[in-house]
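Visitor: I have a model open here and would like to talk it through with you. Could we start once it is on screen?

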Amino acid sequence: MGIQLEVEKLEQKAYTDRLESGDFDLAFCSFSTYLSNDLTVLFRDKNYGHYSAAEMQKLIDKCRAALSKEEMASAYAALNEKLLGDMPVITLYFKEHAMIVAKDVTVSTKGCFKSIYFGINEWH
């Protein structure tokens, strides 16, 4: 099985316009939930695929409202089931970071997806 496609390079404005209008078959783009893991960015704010499912919105809201680890685990498990069933987005890769620090350096904050050096000013 293979996928054949024609890549069309666009200027930034044209690219954004095409994403927002849904005028594409396949788009190579990125997103970040930063520290919150909030998928609103995919299904409300930057919903380029124009995917719509009332149940998905309810599940995302439950994830956002979860206060305990147990509530969060349950809410994200239900959201994961919906995502796997509907497949509104297919991710191709996930960027990971690794960092090695000397044993005498204390990292007092957690890094984040966008920047492994987040909070570096607090390290000592």
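**Talking through the model**

Guide: N47 touches V41 and L42, if residues up to four places away in sequence are not counted. Please keep in mind throughout that this is a predicted model.

Visitor: Where is N47, and is it buried or exposed?

Guide: N47 sits in the loop between helix 2 and helix 3. Its relative accessibility is 18%, and because the cut-off for buried is under 20%, N47 counts as buried.

Visitor: What else is in that loop?

Guide: H50 lies in the loop between helix 2 and helix 3 as well, but at 47% relative accessibility H50 counts as partly exposed.

Visitor: Which other residue has a positive phi, then?

Guide: M87 is one, with phi near 50°, again in a residue other than glycine. M87 lies in the segment after helix 4, and with a relative accessibility of 43% M87 counts as partly exposed.

Visitor: Let me step back. How many helices and strands does the protein have?

Guide: There are four helices and zero strands, so that the order of elements from the N terminus on reads α-α-α-α. The protein has 124 residues, of which 21% count as buried.

Visitor: What share of the contacts joins residues at least 24 apart?

Guide: If you take the contacts between residues at least 6 apart in sequence, 40% of them join residues at least 24 apart.

Visitor: Okay, the core. Which residues make up the largest nonpolar one?

Guide: The largest nonpolar core has 12 residues, namely L39, V41, L42, F43, Y51, A53, M56, L59, I60, C63, A75 and L79. Helix 2 (40-45), helix 3 (54-65) and helix 4 (69-86) are the elements that give two or more residues to this core.

Visitor: Which helix gives the most?

Guide: Helix 3 does, with four residues.

Visitor: How do helix 3 and helix 4 sit against each other, in terms of axes?

Guide: Their axes come within 8 Å and cross at roughly 155°. An angle over 145 degrees counts as roughly antiparallel, and helix 3 and helix 4 are therefore roughly antiparallel to each other. The crossing of these two helices is left-handed.

Visitor: Which residues make that contact?

Guide: On the side of helix 3 the contact is made by E55, M56, L59, I60, K62 and C63, and on the side of helix 4 by A75, Y76, A78, L79, K82 and L83. Several of these are also members of the largest nonpolar core, among them M56, L59, I60, C63, A75 and L79.

Visitor: K82 is a lysine, so is it buried or exposed?

Guide: K82, whose place is in helix 4, has a relative accessibility of 16% and counts as buried.

Visitor: Where does V89 sit, and how far apart are V89 and F43?

Guide: V89 is in the segment after helix 4. V89 and F43 are 46 residues apart in sequence and 9.6 Å apart in space, C-alpha to C-alpha. Leaving aside neighbours within four places in sequence, V89 is in contact with L42 and F43, and with a relative accessible area of 34% V89 is partly exposed.

Visitor: Last one: what about T106, where does it lie?

Guide: T106 lies in the segment after helix 4 and counts as partly exposed, at 39% relative accessibility. T106 and E122 are 16 residues apart in sequence, while their C-alpha atoms are 8.9 Å apart in space.

Note on methods: Residues numbered from 1 in each chain as written. Predicted model: local features only at pLDDT ≥ 70, side-chain atom pairs only at ≥ 80, totals over all residues. Heavy atoms only, no water. Core = buried A, V, L, I, M, F, W, Y, C linked by side-chain atoms within 4.5 Å. Buried < 20%, exposed > 50% of the residue type's maximum accessible area, 1.4 Å probe, protein only. Contact = heavy atoms within 4.5 Å. Axes fitted to C-alpha atoms, helices over the stretch in contact; angles between N-to-C directions. Parallel < 35°, antiparallel > 145°, perpendicular 65-115°, else oblique. Left-handed = near helix turned anticlockwise from the far one by under 90°.
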